[in-house]
Amino acid sequence: MDIWFSQMDTENVKTSIRVDKQLFSATSEYQRIDVFESKEFGKMIVLDGEIIFSEADEFIYNEMVVHVPMAVHPNVKRVLIIGGGDGGVARACIEYPEIETIDVVEPDELFVKVSREFFPETAKGFDDARVRITNADGLRFLRKYEDYYDLIINDSTDPFGHTEGLFTREFYGKCYRALKDDGIMVYQHGSPFYDEDEAAFRAMHRKVYKSFPISRVYQASIPTCPAGYWMFGFASKKYHPLRDFDPERWNRRGIKTWYYTTHLHRGAFMLPKYIEDLLKEEEKRK
């Protein structure tokens, strides 16, 4: 008998993946967590019916949220990851010896436990001595800090539900306050390809654009994301993602990647016309 997992991307579109079996299912205080085994994507973790990552494509997301800002900022010592309960972003961060502390603020303790059990290769970033996990709300955590972090990565899953507060104007203002005067914030921006996602995409860019002097958007192709297309935001107090990009410095590190390259870095900021247009529209709004 065929067993299929289906993710509803819109009311009219769903992504379906044949699965061999379901490995885990439970509901935490925050969300329903499911783990499936599939032939095409390996193990997948699903939160409230949406695929968060699979073994086959998680490297794309994690490399793009870490290596892009690290190839721009010349001196990152303190990193804050908001969300990040699977450990993938932390795993990419520990490749950099100059980073001294990596704070992971993930409210859902069960999500961390499930990730450690079923995705040890992803969660092994938690085992580094520089990583500190705090089970707390990201916005409340941020309120305690000012002029402290060099890099903040918002790895929250969705602008709705229990993480909704991490996509507000207040949140971006608190990130700005918690960053040093040359700090960078990177966040997942979703995708505006489907009409029902466009409003959230527009609102997010408008809020960040008004909060930071430098605000750019970049892209990646991730098969298990809606439409297979995902975008990230790069917000900075000082550094521009292209003008201050130092490919020679980054390449000298010799970090092994499967997706990110310094050539791709530049190309990721070259956006389709329809996305350029809607971003410009939001930037002109008062």
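Let's start at Gly125, which sits in the loop connecting helix H4 (120–123) with strand E8 (131–134). Please keep in mind that this is a predicted model.

**Gly125 and its surroundings**
- With a relative accessibility of 0%, Gly125 counts as buried, because the cut-off for that class is under 20%.
- Leaving aside residues up to four places away in sequence, Gly125 is in contact with Gly87, Ala90, Arg91, Ile94 and Val131.
- Gly125 and Arg140 are separated by 15 residues in sequence, and their C-alpha atoms lie 24 Å apart in space.

**The second largest pocket**
- This pocket has a volume of about 360 Å³.
- It is lined by 14 residues, of which Phe59, Glu63, Arg91, Glu95 and Lys256 are the closest to its centre.
- Sorted by class, the lining of the second largest pocket holds seven charged, four nonpolar and three polar residues.
- Helix H1 (58–70) and helix H2 (88–93) each contribute at least two residues to the lining of this pocket.
- H1 provides the largest share of that lining, with five residues.

**Helix H10**
- How far apart are the end C-alpha atoms of helix H10? They are 17 Å apart, which agrees with the 16 Å that the 12 residues of H10 (residues 273–284) should span at 1.5 Å a residue.
- Ile275, Leu278, Leu279 and Glu282 are buried in H10.
- Viewed down the axis of H10, the buried residues fall within an arc of 100°, so they line one face of the helix.
- What do the buried residues of H10 pack against? Their partners are helix H7 (195–211), strand E11 (214–221) and strand E12 (229–236).
- Lys273 and Lys284, on the other side of H10, are exposed.

**Two aspartates with positive phi**
- Asp48 is not a glycine, yet its phi is positive, at about 50°.
- You will find Asp48 in the loop between strand E4 (42–47) and strand E5 (50–54).
- Asp147 also has a positive phi, of about 55°, although it is not a glycine.
- The loop that holds Asp147 runs between helix H5 (138–142) and strand E9 (149–155).
- Is Asp147 buried or partly exposed? Asp147 counts as partly exposed, because its relative accessibility is 48%.

How values were computed: Residues numbered from 1 in each chain as written. Predicted model: local features only at pLDDT ≥ 70, side-chain atom pairs only at ≥ 80, totals over all residues. Heavy atoms only, no water. 1 Å grid on protein atoms, 1.4 Å probe; cavity = no way out; pocket = protein on both sides within 12 Å on 5 of 7 lines; lining within 4 Å. Points joined across faces, edges and corners; volume = space filled by probe spheres on them. Helix = DSSP H or I, 4+ residues; strand = E, 2+ residues; numbered from the N terminus. Nonpolar A, V, L, I, M, F, W, Y, C, P; charged D, E, K, R; others polar. Expected span 1.5 Å × (residues − 1). Buried < 20%, exposed > 50% of the residue type's maximum accessible area, 1.4 Å probe, protein only. Arc of directions from axis to C-beta. Contact = heavy atoms within 4.5 Å.
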